[in-house]
Amino acid sequence: MYLNHFEYYAPRTAGEAFELVGRLGDQAKVLAGGTDLMLILKEKLIKPQYLIDINGVKEFQGIAYAAGKGAVIGAATKISEVEHSAIIRDKYFALYQAAGELGSVQVRAMATIGGNSCHASPAAETPTPLVTLRARVVIKSAAGERQLPLEDFILGNRKTVLGVGEILTGFILPEPAPRSASRYAYIGLRNAMEIDAVNMAVNLVLEDDGRTIKDLRLVMGSVAPRPLISAEVPAILVGQEFGSELVGKAAAAAAGEARPISDIRASAEYRREMVAVLARRLLQEAFDAAREV
Amino acid sequence: MNSRNFSQVGRSVPRIDGPAKVKGEAIYTDDMVLPRMAYGKIKRSPYAHALIKKIDYSKALALPGVLAVITGEEAPNKWGIVPQTANEVALAVHKVRFHGEGVAAVAAIDEETAEAALNLIEVEYEPLPVLLDPFASMKRAKEVRIHEEAPDNILHQAEQLFGDPDKAFAGCAYILEKEFHTSYVNHAFLEPHTSLASYDPQSGQLQLWSSTQVPHYLHRQLSIVLEMPMNRIRVTVPAVGGGFGGKGEASSADFCAALLSRKTGRPVRVTYERSEVFATNKGRHPCHMKMKIGLDKDGYIQAVDFDNTLDGGAYAGWGIVVMFYTASMIHLPYRVPNARARVRRVYTNKPTCGAMRGLGGVQPRYAMECMLDELAEMIGVSPYELKMKNAVESGYRSVSNLHVPHTEFKKCLQTVVDKSGYLEKHGKLPFGKGIGLAGGYYISGTAYTLYLSYKPHTTVLIRLDTEGGVTLHCAAADIGQGCNTVMAQMAAEALGVRYEDVHVVSGDTELGTFDLGSFASRLTYASGAAIKEAAKQINDKLFEVAAGMLGCRADQLEVKNCRFYSTFEPDKTIPWEKVVDVYTNTVGTLTGIGHFSPPRLKGIDLSRGARVQGANIGHSPTFGFSAQVIEVDVDVETGKVRVVKVTEAGDCGQAVNPMSVEGQVEGSIMFTLGQALYEEMKMDADGRMLNPSLHDYKVPTAMELPEIDSTIVESYDPTAPFGVKESGEGPVQPTIPAIANAVYDAIGVRFTELPITPEKVLKALKEKKEKEKQ
Ligand SMILES: Cc1cc2nc3c(=O)[nH]c(=O)nc-3n(C[C@H](O)[C@H](O)[C@H](O)COP(=O)(O)OP(=O)(O)OC[C@H]3O[C@@H](n4cnc5c(N)ncnc54)[C@H](O)[C@@H]3O)c2cc1C
């Protein structure tokens, strides 16, 4: 299992990194944690001539939070840092949960949050809660910067909008609404090291009465080529008082929206059923949590 | 020395190999680099069944850095652990029979060049129809034949009849008949097969380092394939990262490394990728079993009828042995007065099945323990009561002639039931929670060599002098099960010294004296017997010298805690090393040699072909036992089964190293839990494996580890050296049926097919609901 021969660059500044990706173009690949890239190199699915290691670029790393404004997470921030960040746990609980479920301790120490979205596996852990939390991505190149919602960044299995010369530099997470809570869960055979058969995140905002749903986002992973934002669940629940009958209806609607496939991990039928189970559970958990804040 | 007053046996000392492994300093075969070493790689077939029309490796040979290429025709001699059925070759000759079978091998100056060279080898195939299911294989045998010499696509089939089961069934009050299917699983040991060969063209000597469980059988196979006398070959076993049966035969890594080394005159190392471990498999046989059990009105088993079709994959391997074991395993640990077994091991175009921890026992045990659970319900008694009633006791001899000199099986059942609160919980837990009970046993010490020789199975040489202290030589292979540690403990016990004082030289066919290998839970028993004999010779000599020094009679001396002392005058005592010093100075180095041959059973005549029914397999000088109570939580919405707690009690005889026993028990449970719930090799219609990686082949992780409460029950087999039995394979047996019985208790569904996946659970729950509606 040998990699093809490539030239290795380790830029120290964002400027150097942009210059390199711009100059080397599609012959180059950005190397973050390498936990996806090394595998596809070994499988010889791609044979880049250059690797640009962005781990040395400080500007791409770290978690910054400003009260009332939200958080910015650098793309090259390790998953383990996200998992252990007090602020992420406090404000963006679903992301904290997802980060803790990605791979193993060893993988989380290497893998980056940006790599997880750039690799764009339909079964990926963190895009689901990030989309739920309305994350926007920051994309930069030597020419400038653009921002867009994460759901518009991921196009499908291993496809993103990243153009030649561009690097994903970070995620912007808005300040959570008052009386809101987010929750994440996945379905897989084991309780660790799973490629999710289904995953899901819910962000739920309550009115001041603590019963009526003011706003809601439910996103499903691994049941479509990219994170699937439910249209029907908010339509059923927003403006309504939370209740098990409506939740059941919403869960069934989510299952109807899912577009799963069958593979060696699970059948489409099972996946669809699990969407309903997760939706019921997460809506309840998020509701209970939102009442407490 | 059949006293239980031990000081070294029964000590929970840390493993001899522990510190180096924990520090990452242990040397595995793949860590070894020799001067001028080349790297070997094997080209594998992309077809599961095909004729090889042509192999052109001229381009590979022309690649700079490539030293040699070999194909099957250069070493066509057939090898196999069972000589009567040997049908494997180092590399395929004319035909491939499974996807991933080796067709050529390359040696190059580095691994990268070797890998590149494989892509330059051009092989022309003529694909043949692929048979993946044993029933289809038997049915289509006329049209598609996997081996010329097996016209039915059957390696072997047999029928065994003991008593009159048909008559017995006619008189039974309760009869249950069911089918069970087990899955296609691999050992998933951490260290892939690796072999490093160094052939010296001047002397004609071959040295091979290999990750193997069976240095001796590997030695024999090398001799056959390479056409070299055994005394020109030396096999050494460095640290081994697990075997579980999967390294219980030679692998083509061994042959290719050796052949390439001989061809290039340089050392050659071949290390498998994980995908190659799966491609060459030798894991557990999927079994398609029909079992019928009849009880009289009081719940006593009257008859068992067993029919088993084993899916063997492409080659023979351990197949015939596994097949006979499945037939043999129905005779214990319950009394079965009448039995019939019809078994057949069928060829399919899949990677070959072989030996896997608890070989031949796990599948029939699953069927039998689940059926007894169900029968108990039919009668209206607790499964515990039914199993206790039928459990064997010391001195039992089965109708198939298995003799159990000693057992504490009932104590195992009792212990787990008491400790887990089984009787209070069973049938009374809320829907989704369940508790299940199962028992099991395994052989210990084994019966005969696979090549039908009467030579001793283990020889131990103990060497003693002032300079080296005590050195124990034995070619046994410590593959992580801890035989080096327990051999040192038993030798220390027998010599009256401390375990820390014994050096063990093992895993080497030249430095170590003979041993058959690490399989069939034989080593503690076998080496224990040989150690006792060797130590006696040493003690006899030392006692004479000590007696002279102390001024008393040798037969009045004892040795313990590194001192000789007189039984009658305890103040007459002298340190052990002083006596050794005197002996060495006057006579020189002292050695003792001990042998172990399993006791022969009357009526077994190997020269006439062992025609006594059941005599060919399953006989063993003693047996280890285990019982388990397993508690599960079933998520009735997702179908996920979570094993919450395992209560285990085992009869391993005298535990030589209780800490090691606990490790074996916990390892056994996790090993088998994976097969019950997660693990399965999956293939597409062409026989290509879909999940040949540990990412997709799901062994349990630390997160699946349940609470395990294990007990070593008080036990001592008076017929065994130091009272020992086994603990590495008995505790494997009850896990699957205990889980299945617990799942039944939780949701009222009996699963007869493995693994019990969430999808199957959910489907079954739905079907159950539908039925209840009607
Ligand atoms: C054993 C194992 C278990 C795993 N388990 C999980 C799991 O449970 N859940 C899960 O979601 N994933 C899992 N993964 C996949 C992987 O760890 C994650 O997707 C991880 O987040 C990838 O990040 P990385 O930094 O390692 O990316 P890399 O491998 O370095 O890069 C991945 C891709 O993204 C590109 N890229 C990376 N960063 C940038 C950037 N800033 N700008 C532009 N392009 C970029 C790279 O060029 C490459 O194409 C597992 C992987 C392994 C090996």
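Begin by selecting helix α9 of chain B, residues 319-328, and then display what covers its buried residues, which includes β7 (154-162), β14 (301-313), β15 (339-347), α10 and β16 (433-444) of chain B. Helices here are DSSP runs of H or I with at least four residues and strands are runs of E with at least two, numbered from the N terminus, while contact means heavy atoms within 4.5 Å. Ten of the ten residues of α9(B) are buried, where buried means under 20% relative accessible area, exposed means over 50% and partly exposed lies in between, with a 1.4 Å probe and protein chains only. Among these buried residues are Gly319(B), Val321(B), Phe324(B), Tyr325(B) and Ser328(B).

Before going further, note that this is a predicted model, in which local features need pLDDT of at least 70 and side-chain atom pairs count only at pLDDT 80 or more, whereas totals for chains, interfaces and linings use all residues. Residues are numbered from 1 along each chain as its sequence is written, chains are lettered from A and ligands numbered from 1 in the order in which they are written, and side-chain values use heavy atoms, with hydrogens and water left out.

Select Pro333(B), which lies in the loop between α9 and β15 of chain B, and look at the bond that joins Leu332(B) to Pro333(B), a cis peptide bond with an omega of about 0°. Another cis peptide bond can be found from Leu754(B) to Pro755(B), with omega near -10°, and Pro755(B) is placed in the loop between α18 (735-747) and α19 (758-773) of chain B.

**The nonpolar cores**

Next, select Met291(B), Ile293(B), Trp318(B), Val632(B), Leu677(B) and Ile747(B), which touch the most other members of the largest nonpolar core, a set of 115 residues. A nonpolar core is a set of buried Ala, Val, Leu, Ile, Met, Phe, Trp, Tyr and Cys residues joined through side-chain atoms within 4.5 Å. Helix α10 of chain B, residues 362-379, gives this core its largest share, nine residues.

Which residues does Trp318(B) touch, not counting residues up to four places away in sequence? They are Ile81(B), Gly248(B), Glu249(B), Gly354(B), Ala355(B), Leu359(B), Leu450(B) and Phe519(B). A second, separate core has 54 residues, including Leu464(B), Leu495(B), Ala526(B) and Ile531(B).

Now move to Ser420(B) in helix α12 of chain B, residues 409-420, which counts as buried because its relative accessibility is 5%. A polar atom of its side chain lies 3.2 Å from the backbone nitrogen of Tyr422(B); a polar contact is a pair of N or O atoms within 3.5 Å, and within protein one must be able to donate a hydrogen and the other to accept it, while residues adjacent in sequence count only if both atoms are side-chain atoms. Leaving aside neighbours within four places in sequence, Ser420(B) is in contact with Lys425(B), Ile435(B), Val629(B), Glu631(B) and Thr647(B).

Select Ser521(B) as well, in the loop between β19 (502-505) and α15 (523-550) of chain B. Its phi is near 45°, a positive value in a residue other than glycine, and Ser521(B) is buried, with a relative accessible area of 16%.

**The ligand**

Finally, select the ligand, which lies between chains A and B, and show the 29 residues that surround it, of which the closest are Val30(A), Gly33(A), Thr35(A), Asp36(A) and Thr112(A). A residue is near a molecule or strand if one of its heavy atoms lies within 4 Å of it. The largest share of this shell, four residues, comes from α7(A).

End at Gly33(A), in the loop between β2 and α2 (37-42) of chain A, which is buried with a relative accessible area of 14%. Not counting residues up to four places away in sequence, Gly33(A) touches Lys78(A), Met110(A), Ala111(A) and Thr112(A).
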